[in-house]
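This report looks at the pockets of one protein and at the molecule that the model places there. Please keep the sequence and the structure in view while reading.

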Amino acid sequence: MSRVIAVSNQKGGVGKTTTVISLGAALAEKGLRVVLVDLDPQAALTAGAGLDPYKLQGTTYDLLMDDRVRFTEILRPVHGNLLLAPASVDLASADYALARRANRALRLDQTLANELDAVDFVLIDTPPSLGLLTVNGLTAAGEVLIPVECHYLAMRGVRALLETIWLIHDRLQPNLRVLGLLPTRYQSNSAHGRQVVNDLRAVFKKRVFETAIPMDEALAEAPAVRQTILAYRSESPAAAAYRRLSDEIMRSKPQ
Ligand SMILES: Nc1ncnc2c1ncn2[C@@H]1O[C@H](COP(=O)(O)OP(=O)(O)OP(=O)(O)O)[C@@H](O)[C@H]1O
Ligand SMILES: [Mg+2]
């Protein structure tokens, strides 16, 4: 059975896209079949895979807006058994266009149904907002992974996100659960960073992953050369951290 994980946080720049590509690459490295879904109009995931979001045909926009388009039709190879459902810049208008549609919150969920036989993991990258694109990502998912920057302001938004997740759980997707909170941009030599992780663990307990993703410049460089961190700097601290995260996720039971 495939596991569908939405990577979400309405705060910008916390490592959502970086986590989708790097965790996806780490799972694919283990031989698993992984599909990344770009639901962000910024299309950073798509651009990082070397595709041009201004020119693309066959994207998540088409998937959301056109009932005839099937999920498997829009997939593109990234590397080995890692595939991408790319975004185009059109997605920026989808929030508005979807608002007038029936089942607007369940469009992605409906298109994924019965299409995931040959896939082990689907990782969905969502934009930094709690609008309809993010809601579509969450309703299509069974699990949510929440990257949290190791900065004290970052914790403040987590509660609003959890409230949205509970609401979706109650009204739209009773199977949705929080897979975990992932500390990102962690600096072990910073007392402040350590304090934030301690606070996160005090509040959210076992919901916080054991793995923290360290601050590592190689993560910022990798998309510029169109590579995953595992290919670009296989021995880097960040690559090691994403491999450990993939181990943790594989040990955790899907519902
Ligand atoms: N652990 C890290 N160490 C160093 N740089 C990082 C790390 N994680 C992410 N970055 C860099 O920080 C920037 C923001 O990361 P990313 O794009 O993954 O965040 P995001 O949450 O997807 O942002 P947005 O909300 O805009 O979609 C990128 O330039 C990325 O390369
Ligand atoms: Mg992003």
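## The lining of the largest pocket

Helix H1 (16–29) gives the largest share of the lining of the largest pocket, namely five residues. On a 1 Å grid over the protein atoms alone, a pocket is an open set of points where a 1.4 Å probe fits, with protein on both sides within 12 Å along at least five of seven lines, and lining residues have an atom within 4 Å of a point. Helices (H or I, at least four residues) and strands (E, at least two) are DSSP runs, numbered from the N terminus. Besides H1, the elements that each supply at least two residues of this lining include helix H2 (44–48), strand S3 (76–79) and helix H10 (229–232).

About 780 Å³ of space lies in this pocket, where a volume is the space filled by probe spheres set on the grid points, which are joined across faces, edges and corners. Of the 36 lining residues, the closest to the centre of the pocket are Thr17, Thr18, Ile21, Leu219 and Pro223. By class, the lining has 17 nonpolar, 13 polar and six charged residues; Ala, Val, Leu, Ile, Met, Phe, Trp, Tyr, Cys and Pro count as nonpolar, Asp, Glu, Lys and Arg as charged, and the others, Gly among them, as polar.

## How the model is read

This is a predicted model, in which local features need pLDDT of at least 70 and side-chain atom pairs count only at pLDDT 80 or more, while totals for chains, interfaces and linings use all residues. Residues are numbered from 1 along each chain as its sequence is written, chains are lettered from A and ligands numbered from 1 in the order in which they are written, and side-chain values use heavy atoms, with hydrogens and water left out.

## The ligand and its shell

The space taken by ligand 1 is the largest pocket. Around ligand 1 there are 18 residues (each with a heavy atom within 4 Å of the ligand), and the closest are Lys16, Thr17, Thr18, Arg185 and Asp216. H1 gives the most to this shell, with three residues.

Several polar contacts (pairs of N or O atoms within 3.5 Å) can be followed here. Oxygen atoms of ligand 1 lie 2.9 Å from a polar backbone atom of Thr17, 2.5 Å from a polar side-chain atom of Thr18 and 2.6 Å from a polar side-chain atom of Arg185.

## The second largest pocket

The second largest pocket has a volume of about 340 Å³. Among its 17 lining residues, Met1, Ser2, Val4, Ala141 and Gly142 are the closest to its centre.

Terms used:
A polar contact is a pair of N or O atoms within 3.5 Å; within protein, one must be able to donate a hydrogen and the other to accept it, and residues adjacent in sequence count only if both atoms are side-chain atoms. A molecule sits in a cavity or pocket if more than half of its atoms lie within 2 Å of its grid points.
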